[in-house]
Amino acid sequence: MTNPDSLKCPVCRARSRGDVTCPRCAADLEPLLGVIGRAAIARQHARVALEKGHWREARAWAETAQRLQATPLGRQLRALTRICAPDSLE
Ligand SMILES: [Zn+2]
């Protein structure tokens, strides 16, 4: 999962430590943390699918993860799955 210290409040851009409320503006960060959690789960599903050789499933999970939360490692994972399951094979 993303390091909570790298999270920023979408309202005021203050750094968050994973708390459900922004320490500066008191914005509710729980929905954001939920999305980040779902992205982490999607990346894990992508990795498991890769290990099993389920290329299209891995790509679908990696694409979903990047839509939920774009990360550098997620981009690399998506690139790998795009090599394993290119559009031309669909
Ligand atoms: Zn804030």
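Residues 24 or more positions apart account for 29% of the contacts in the protein with a separation of 6 or more, a contact being two residues whose C-beta atoms, placed from the backbone, lie within 7 Å.

Colleague: What kind of model is this, and how are its residues numbered?

Modeller: This is a predicted model, in which local features need pLDDT of at least 70, side-chain atom pairs count only at pLDDT 80 or more, and totals for chains, interfaces and linings use all residues. Residues are numbered from 1 along each chain as its sequence is written.

Colleague: How many helices and strands does the protein have, and in what pattern?

Modeller: Helices (H or I, at least four residues) and strands (E, at least two) are DSSP runs numbered from the N terminus. Here there are three helices and zero strands, and the pattern along the sequence is α-α-α.

Colleague: How does the radius of gyration compare with the globule rule?

Modeller: The radius is taken over C-alpha atoms, and the rule is 2.2 Å times the number of residues to the power 0.38. For 90 residues the rule gives 12 Å, whereas the protein has 15 Å, well over that value, so it is more spread out than a compact globule. The C-alpha trace spans about 50 × 20 × 15 Å along its principal axes.

Colleague: What share of the residues is buried?

Modeller: A residue is buried if 20 or more other C-beta atoms lie within 10 Å of its own, exposed if 12 or fewer, and partly exposed in between, with C-beta atoms placed from the backbone. Buried residues are 22% of the 90 in the protein.

Colleague: How does the reach of α1 and of α2 compare with the expected span?

Modeller: The expected span is 1.5 Å times one less than the number of residues. α1 has 23 residues and reaches 33 Å from first C-alpha to last, close to the 33 Å expected. Helix α2 (residues 55–68) has 14 residues and reaches 20 Å, close to the expected 20 Å.

Colleague: Which residues of α2 are buried, and why do they line one face?

Modeller: In α2 the buried residues are Ala 58, Arg 59, Trp 61, Ala 62 and Ala 65. Seen down the axis of α2, they fall within an arc of 165°, so they line one face of the helix; the arc is that of the directions from the helix axis to the C-beta atoms. Their cover includes α1 (30–52) and α3 (72–84).

Colleague: Which residues of α1 are buried, and what covers them?

Modeller: Ala 39, Ala 42, Arg 43, Ala 46, Ala 49 and Leu 50 are buried in α1. The cover includes α2 and α3.
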